[in-house]
Amino acid sequence: MKKYIIGLCTAALSYSSVSAQGMVENITVQPQDSLVYVFYQLARKANVDLYISLNNGITYKGPLAEVKGDVGVDVEPGDKMICWHALKEMGEFDSNSVRFKISADETKDKKEEVNDENAVDLGLPSGTLWSRMDLGAKKPESRGDYFAWGETSPIGSYTGNGECVTCGMRYDALLENGIIDSAGVLTPKYDAATVLLGENWRMPTKEDFDELKLKCTWTWVKHNGVCGYRVKGPNGKYIFLHAGGCRKKDDLDKICENGHYWSSTVYRGANTANSMFFDASEFGRRNDRDFGQLIRPVYNKK
């Protein structure tokens, strides 16, 4: 049975905080009529977003759009409050499993200068720079986080039962809800690389992967148990793409056998999006949006 969030007591809502170095503390949630007030303390100046989960924190939707107060870019430290218009953004929903999450990224991380330490100019005709690392990885030889398509927060497992923000939505619905643009590409709000790294970073499109495949030399390698492709550009520089498999249900599938990287381009099907699939001998494309796959960000110079 669905119900409005209106009238819920505070105890019915739970919350969690996602931020590094204790950026966010002392979160409290107070519903009032059609609004939800989220109070928190911010340690340092940061870019702040609010997310909601309707399944006890398995997946999160966001960042939420119908918000006012201390949210967005360059929020100053101190005692803060976010007001979310629940009814306007989501209408009716089952409130029994609601959780909130605050993401706070220090401003300096959004404006970090890009150099050869974190992005590589492969000499491609488009001028696109490719990140040395998967999204969420700390070093190039480590796999990053696994994301469902259109989600901006990674989660530990994917059920395969359509639990993602874009699952089950056809092309027209994705377009009408502002999830994709007229070219069929995820808008910045739903692009995990843009949300987590900054405005000039983004997920690669189908065309970016096509260029990478056609203009680069791909060599299958295995070193210290890490499998994947060394992708060398026309100018001799290279990146490494992991054969990190994908996450299905609670398992990581096909580690060191094949790789799955999301593109930001939707496939015109009920529940699929374009991705780069590869193993030691072939390439493919497309996967269900609720599968957990890696993301390799790209950077466009201003």
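The text below takes up the cysteines and then the pairing of strands.

The model is predicted, so that local features need pLDDT of at least 70 and side-chain atom pairs count only at pLDDT 80 or more, while totals for chains, interfaces and linings use all residues. Residues are numbered from 1 along each chain as its sequence is written, and side-chain values use heavy atoms, with hydrogens and water left out.

**Cysteines**

The structure holds one disulfide, a term that stands for a pair of cysteine sulfur atoms within 2.5 Å. The bond joins C164 and C167, whose sulfur atoms lie 1.9 Å apart, and with 105° about the S-S bond this link is right-handed.

| Residue | Relative accessible area | Class |
|---|---|---|
| C164 | 6% | buried |
| C167 | 15% | buried |
| C83 | 15% | buried |
| C216 | 9% | buried |

**Strand pairing**

Strands are DSSP runs (E, at least two residues), numbered from the N terminus, and two of them pair if DSSP finds at least two bridges between them. Strand β7 (residues 78-85) pairs in the antiparallel sense with strand β3 (residues 35-42) over eight bridges, and in this pairing V38 stands opposite I82. Strand β5 (residues 67-69) also pairs with β7 in the antiparallel sense, over three bridges, and there the bridge partner of G69 is I82. In a regular strand, side chains alternate between the two faces of the sheet.

Methods
Buried < 20%, exposed > 50% of the residue type's maximum accessible area, 1.4 Å probe, protein only. Helix = DSSP H or I, 4+ residues; strand = E, 2+ residues; numbered from the N terminus.
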